Structures are given as C-alpha cells and as structure tokens.
Amino acid sequence: MHVDTDDEVSRQRAVLRDLVVLSAIPAAWTGMDPPAVARGLADELMGLLELDFVFVRLCDPDGAEAAEATRGAAWTEFPEWLEGHLVTGGQHSRKEILSEVGGSEFRRGIAMQIGVNGAGGVVVAAASERSDFPTANDELLLSLAANQAATAFRGARLIQERKRAEAELREARNELEVKVAERTAELRRSEAHLAQLAGEQAALRRVATLVAREASEGEVFTAIAEGIAELLGAEEIRMFRFEGDRDAVVVAESGHRKEYLAVGSRHRLEGENVASRIFRTGRAARIDDYGTASGPIAEVVHLTDIRGIVGVPILVEGRLWGAMVTGT
C-alpha cells in the first residue's frame with residue numbers, strides 16, 4: 001500500500017487550498033469591467049503559483065476588444081517566444097511549453113489557450129525559475145483560473161454591452177423627445193397661425209357683410225377697428241382719415257377710452273407722434289415711449305396711460321388716405 005509523504009500531503013493540501021481560492025474568483029470579479037478581470041487573473045496567478053512572469057489576454061473568440069495584463073519580468077528570449085506563439089486568430093496549439101532556455105537565466109515557460117470550443121478567447125502565458133515548472137498541478141490551476149476568468153470576462157462583456165445598449169437607448173430616447181418637443185411646438189405654432197387666419201377671415205366676413213347690406217361708413221370703419229383690436233389683442237385702436245393739408249379726423253375707434261380721440265374729433269398733424277410721422281413719410285411708424293411724443297395728438301394721449309403706439313398707413317388706389325393706430 002502506497003503511503004503519501006509529508007511533502008506530498010502538503011502539496012495536495014496546497015492544491016486544494018488554491019482550488020478553493022480559484023472557485024471564489026467569479027464572485028470576486030462580479031461587476032468588474034473586462035480590463036479589470038484580466039488584471040485580476042494576472043494578479044491571482046502570480047500569487048498562487050509564485051510565478052516570475054505572467055501574461056493574460058482575454059477576448060472574444062474572434063479576437064475583438066481584447067483586454068490584456070502583464071505582471072513580472074521575463075528573460076530575454078521569452079518575449080520573442082511568446083510573440084511567436086500568441087496568435088489572435090485562426091487555429092493553433094492550445095498549449096505549448098518552453099522547457100529549455102540556455103544561459104544563466106534558466107527558466108521554463110508555458111502558454112495556454114482556453115476559449116469557446118478550444119479556439120480563441122483566453123490566452124495565458126507564464127514563466128518560472130522552478131525546474132519542475134509547469135507541473136500537472138500548475139497546468140490544472142492555470143487552466144481552471146483561465147476558465148474562471150473566461151466566464152467572468154464573458155459576464156463583464158455582457159454587462160458592458162448591456163450598458164452600451166442602455167446608453168444608446170437613452171440617447172435615442174432623448175433625441176426622440178427633442179424631436180417630439182420640436183414637432184409639438186411646430187404644431188402649436190401652426191394651430192396658432194390657423195386660429196389667427198380664422199380670426200382674420202371672420203373679421204373680413206363681418207366687414208364684407210356690412211358692405212353688402214350697404215351699412216354706413218361709420219359702421220364699416222368701426223367693424224374694421226374692432227376686428228383689428230380683436231386680432232391683435234390691442235387695448236386702443238383709432239382710425240384716422242387725413243384731410244386738408246395737415247388735419248386728421250378720427251373715423252373709428254375701439255377700446256375703453258372713447259373720450260380720448262373720440263370719433264369725429266379733428267386734430268392737427270403737427271409735432272412728433274405716430275400719426276404725423278405716417279402723414280409725412282407714408283410708412284409705418286412706432287414710438288415705444290410715447291412720453292417723448294409731441295403735438296396736439298400726443299397731448300391728448302398723454303392724458304391716458306398709453307405708452308407704446310404703432311401705426312400703419314391706409315392707402316386707397318395707391319394714395320395715402322389715413323392711418324390705423326394702436327396703443328397699449
């Protein structure tokens with residue numbers, strides 16, 4: 001009957017301890033990104049197997065988005081050997097051992113590939129000064145650790161892809177929300193424009209109805225002034241007819257201050273005010289601070305709280321007939 005020596009028992013215990021440690025690796029790497037998994041595997045192998053050098057490459061079977069980590073320092077020949085044996089694509093040996101290196105730096109090395117269907121995915125390369133490296137236990141631990149890392153790497157890649165997909169989804173949702181908001185604003189502007197057009201058409205129909213039934217000039221002018229006030233939301237509207245050399249007669253009004261610039265009142269077009277500007281230039285005029293205005297018309301307006309006034313000319317057969325003036 002074979003009896004294990006103390007050294008053999010110690011080695012077996014060490015292997016069992018290392019296996020227990022390696023079995024806990026996936027839980028420890030949960031939530032890490034792919035590069036962190038590669039670094040974690042390299043650190044674990046250096047500590048468990050007392051290596052002088054370790055290289056780890058984790059990637060998908062097609063070699064995409066590889067994560068690499070290196071620990072320790074190799075002798076002169078090892079990097080060249082490693083470069084010649086680490087192939088990122090295609091079929092090649094899953095395990096190669098460098099058993100002899102001449103010179104004073106005698107070391108042994110191993111490169112193992114572990115992945116989906118034995119091709120691609122995980123590459124582990126290690127070197128040690130131990131003359132028995134790699135033992136069967138070393139290869140077992142390397143293989144187990146690499147498989148554990150492959151599982152953690154795939155989990156990390158899935159999490160990474162999920163986060164990327166979620167980010168793309170958020171970006172697409174944000175872009176959609178912006179487009180929806182822009183489209184909603186455009187539709188609201190269109191609705192407001194249509195409502196304005198409907199109001200204009202209604203006002204024109206009211207005036208046309210008055211003209212058709214031969215209403216008085218005063219009724220037609222008043223309907224026009226009230227229609228403009230409704231469309232613009234203006235507080236006060238006055239329609240002037242220019243007469244003689246410098247007179248303006250109020251022919252229609254809309255607002256609550258009927259006693260100021262009342263229908264039928266006549267005013268001289270003198271000084272600096274909106275009506276006199278239109279009379280002089282034949283173009284629209286605007287005064288934002290009517291406190292600076294002057295002349296007979298401005299003196300009447302100063303008795304009210306009207307401050308901003310805008311006016312436009314009324315042309316009949318191409319000739320200046322009068323002005324429509326609104327104030328707020």
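**View 1. Helix α7 (residues 274-281) has V274, A275, S276 and I278 as its buried residues.** "Buried" here means under 20% relative accessible area, while exposed means over 50% and partly exposed covers what's in between, using a 1.4 Å probe and protein chains only. Helices (H or I, at least four residues) and strands (E, at least two) are DSSP runs, numbered from the N terminus. Keep in mind that this is a predicted model, where local features need pLDDT of at least 70 and side-chain atom pairs count only at pLDDT 80 or more, while totals for chains, interfaces and linings use all residues. Residues are numbered from 1 along each chain as its sequence is written, and side-chain values use heavy atoms, with hydrogens and water left out.

What do the buried residues of α7 pack against? Their partners are β6 (236-243), β9 (285-287), α8 (296-301), β10 (309-316) and β11 (319-327); contact means heavy atoms within 4.5 Å. Now look at the two ends of the helix. N273 caps the N-terminal end of α7, with a side-chain oxygen 3.3 Å from the backbone nitrogen of A275. Just after α7 comes G282, with a positive phi of about 75°.

**View 2. F242 and F279 make an edge-to-face aromatic pair.** Rings of Phe, Tyr and Trp (its six-membered ring) pair if their centres lie within 6.5 Å; planes under 30 degrees apart are stacked, over 60 edge-to-face, and the rest tilted. By this rule the count comes to one aromatic pair. How far apart are the ring centres of F242 and F279? The distance is 5.3 Å centre to centre, with 85° between the planes. The pair ties together distant parts of the chain, as F242 sits in strand β6 and F279 in helix α7, 37 residues apart. F242 counts as buried because its relative accessibility is 12%, whereas F279, at 22%, counts as partly exposed.

**View 3. β10 runs antiparallel to β9 and also to β11.** Two strands pair if DSSP finds at least two bridges between them. Three bridges join β9 to β10, and one to look for links I287 with its partner I309 in β10. Between β10 and β11 there are eight bridges, and here V312 has M324 in β11 as its bridge partner. The hairpin of β10 and β11 has two residues between the strands, and in this hairpin E317 takes a positive phi near 55°.

**View 4. M324 lies in strand β11.** Is M324 buried or exposed? M324 counts as buried because its relative accessibility is 9%. Leaving aside neighbours within four places in sequence, M324 is in contact with several residues, including I224, I228, M239, V310 and I314. I237 is also one of these contacts: M324 and I237 are 87 residues apart in sequence and 7.3 Å apart in space, C-alpha to C-alpha.

**View 5. D247, in strand β7 (residues 247-254), has a side-chain partner in R268.** D247 is buried, so here's the value behind that: a relative accessible area of 15%. A polar contact of 3.0 Å joins the side chains of D247 and R268. Such a contact is a pair of N or O atoms within 3.5 Å; within protein, one must be able to donate a hydrogen and the other to accept it, and residues adjacent in sequence count only if both atoms are side-chain atoms. Beyond four places in sequence, D247 is in contact with R241, F242, R266, H267, R268 and L269.

**View 6. P34 is found in helix α3.** P34 counts as buried because its relative accessibility is 4%. The buried residues of α3 also include L41, L45 and L49. P34 and C59 are 25 residues apart in sequence and 8.7 Å apart in space, C-alpha to C-alpha. After α3 comes E50, with a positive phi near 55°.

**View 7. The largest nonpolar core has 26 residues.** Such a core is a set of buried Ala, Val, Leu, Ile, Met, Phe, Trp, Tyr and Cys residues joined through side-chain atoms within 4.5 Å. L41, L45 and L58 have the most contacts inside this core. Among the elements giving two or more residues to it are α3 (34-49), β1 (53-58) and α5 (136-212). α5 gives the most, with eight residues. Apart from this core lies another, of 21 residues, among them A248, Y290, A298 and A323.
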